[in-house]
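Work through the following exercises with the sequence and the model open side by side.

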Amino acid sequence: ELFVGTDGSEQEAIKIYDPNSSLKLTMALSPKNNAKTQIDTAIQLMNGEIDAKSDYEVEVTDVVLDYWSTPIDEFQKFLVDEYFSEMDLKQELGLK
């Protein structure tokens, strides 16, 4: 079995690198990018650039992080950049 996450949080990172866990991949939605997109969209709505009564689709990006090809240091950088994490992923995984 294989589970896929969507937020790339500290808890997901720990589970992704746990060999006994089925969670092995996350489509990590960027909190910084999502927040900026939400604010930009709200401003466009307030300025009348978007019709409040119509459907409106905004594309946001994600970062795929996984057990097989993402170095732990890369996931650590994502956690620090996106979540201001102070957790040491290697230490949590017992690798230090």
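**Exercise 1.** How many salt bridges does the count come to, if a salt bridge is a side-chain nitrogen of Lys or Arg within 4 Å of a carboxyl oxygen of Asp or Glu?

*Solution.* This is a predicted model, in which local features need pLDDT of at least 70 and side-chain atom pairs count only at pLDDT 80 or more, while totals for chains, interfaces and linings use all residues. Residues are numbered from 1 along each chain as its sequence is written, and side-chain values use heavy atoms, with hydrogens and water left out. By the stated rule, the count comes to four salt bridges.

**Exercise 2.** Describe the pairing of Asp40 with Lys36 and of Lys90 with Asp73.

*Solution.* Begin with Asp40 and Lys36, whose closest N and O atoms are 2.7 Å apart. Both belong to helix 2 (residues 31-46), where a spacing of four residues separates them by about one helical turn; helices (H or I, at least four residues) and strands (E, at least two) are DSSP runs, numbered from the N terminus. Next, assign exposure, where buried means under 20% relative accessible area, exposed over 50%, and partly exposed in between (1.4 Å probe, protein chains only). Asp40 is partly exposed at 33%, whereas Lys36 is exposed at 52%.

Lys90 is partly exposed, with a relative accessibility of 28%.

**Exercise 3.** Which residues of helix 3 are buried, and which exposed residues does the face turned away from them carry?

*Solution.* First, list the buried residues of helix 3, which are Ile72, Phe75, Gln76, Phe78, Leu79 and Glu82. Seen down the helix axis, they fall within an arc of 160° (taken from the directions from the axis to the C-beta atoms), so they line one face of helix 3. Second, look at the face turned away from the buried side, where helix 3 carries the exposed residues Asp73 and Lys77. Finally, find the packing partners by contact (heavy atoms within 4.5 Å): the buried residues of helix 3 pack against helix 1 (10-16), strand 2 (23-29), helix 2, strand 3 and helix 4.
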